[in-house]
Amino acid sequence: MLESLKFLQAELPWFPYLSAFVFGAIVGSFLNVCIYRIPAGKSLVHPGSTCACGKPIAWHDNIPILSWFILRGKARCCGRPYSFRYPMIELLTGLLFLAAWNAHQDAPLKALCIMLLVSMLVCGSFIDFDIMEIPNRFSVGLAIIGFAISVFIPSLHLSTNQTYAAPPLFSAVESGMGVLIGSGVILWIALIAETILRKEAMGFGDVKLLGGIGAFLGWQGAVFSIFGGALLGLIGVVAWKLAGAIASKNKSKEEESELFGRHIPFGPMLSSGALLYTLLLENQVDAYFRQVTSLFQ
């Protein structure tokens, strides 16, 4: 299987990239279903995709990304508009799958594992943004799956510039340390912030989510997710507030408060930090932490 992938990449270097993007867009279409149905307690299997009017959506009107533009954002059956968020999530997932393959193409199994991580983080983040809660399947479940995969695919915990084979025990230890250190660090940050602010500063779902991230990315990825996510979150909040200030000129106070006055969850920020680490900065961050830990040896 791996030899076939390497041969295909050598003969048609563009094909794996296109396949990763298309696969991601298809997965993104399924994630849209999960984001809507899981909080509502609905089955992911039955019924199939349906319009808001109750009529089934034909397969040719359910093509990821393209269908929204072909139909101009309106259902064919009844003409009702549907949110641009659907193709946005499909495009986002496709691009992240493409980035996962680009970052880890030398270790195809690791690339597939990162694609699984991407899927769960995207789904959990959008649910968190919608209902301010991360379902356990995307936090505790992420930790369980990450640890299990670490045992069977040890390459998950090797940096992209490391070519030697890692024993399963090493990978399992890295995963376990990622769960414990990641969730422990953010738990202490939450407790200290709660003591200073005298109110809840962070939900326990974020603690569990970071444990799941650590199971996939090790303690280095978990720690980076906290501070990298906080930095990205700060940038996002500033941009959001600026957008709110601009929008306030054309909106009523009620509309402005509904759109820009809501709380911003920390789960998507942690997920963004995790993706920034594994898709772009893994080698650099790991090298930095090796230098830091060498000072204590």
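**Stop 1: two helices side by side**

Select helix α5 (residues 108-131) and helix α6 (residues 140-152): their axes come within 11 Å and cross at roughly 180°. A quick note before you go on: this is a predicted model, where local features need pLDDT of at least 70 and side-chain atom pairs count only at pLDDT 80 or more, while totals for chains, interfaces and linings use all residues. Residues are numbered from 1 along each chain as its sequence is written, and side-chain values use heavy atoms, leaving out hydrogens and water.

Helices here are DSSP runs of H or I with at least four residues, numbered from the N terminus. The axes are lines fitted to C-alpha atoms over the stretch in contact, with angles from 0 to 180 degrees between N-to-C directions. So α5 and α6 are roughly antiparallel to each other (that label is for angles over 145 degrees).

Now show the side chains that make the contact (heavy atoms within 4.5 Å): C113, L116, L117, M120 and L121 from α5, and G141, L142, I145 and I149 from α6. By class, that is 8 nonpolar, 1 polar and no charged residues (Ala, Val, Leu, Ile, Met, Phe, Trp, Tyr, Cys and Pro count as nonpolar, Asp, Glu, Lys and Arg as charged, and the others, Gly among them, as polar).

**Stop 2: S150**

Stay on α6 and click S150. Is S150 buried or exposed? At 0% relative accessibility, it counts as buried (under 20% relative accessible area, with a 1.4 Å probe and protein chains only). Its side chain makes a polar contact of 2.9 Å with the side chain of H157 (a pair of N or O atoms within 3.5 Å; within protein, one must be able to donate a hydrogen and the other to accept it, and residues adjacent in sequence count only if both atoms are side-chain atoms). A polar atom of the S150 side chain also lies 2.7 Å from the backbone oxygen of G146. Next, pick A215: it is 65 residues from S150 in sequence, but the two C-alpha atoms are 7.9 Å apart.

**Stop 3: S183**

Jump to helix α7 (residues 168-197) and find S183. S183 counts as buried, at 17% relative accessibility. Its side chain has a polar atom 2.5 Å from the backbone oxygen of V179, and reaches the backbone oxygen of L180 at 3.5 Å.

**Stop 4: cysteines**

How many disulfides does the structure hold? There are 0 (a disulfide is a pair of cysteine sulfur atoms within 2.5 Å). Select C34 to finish: the nearest cysteine sulfur, that of C123, is 4.7 Å away.

Notes
Parallel < 35°, antiparallel > 145°, perpendicular 65-115°, else oblique. Buried < 20%, exposed > 50% of the residue type's maximum accessible area, 1.4 Å probe, protein only.
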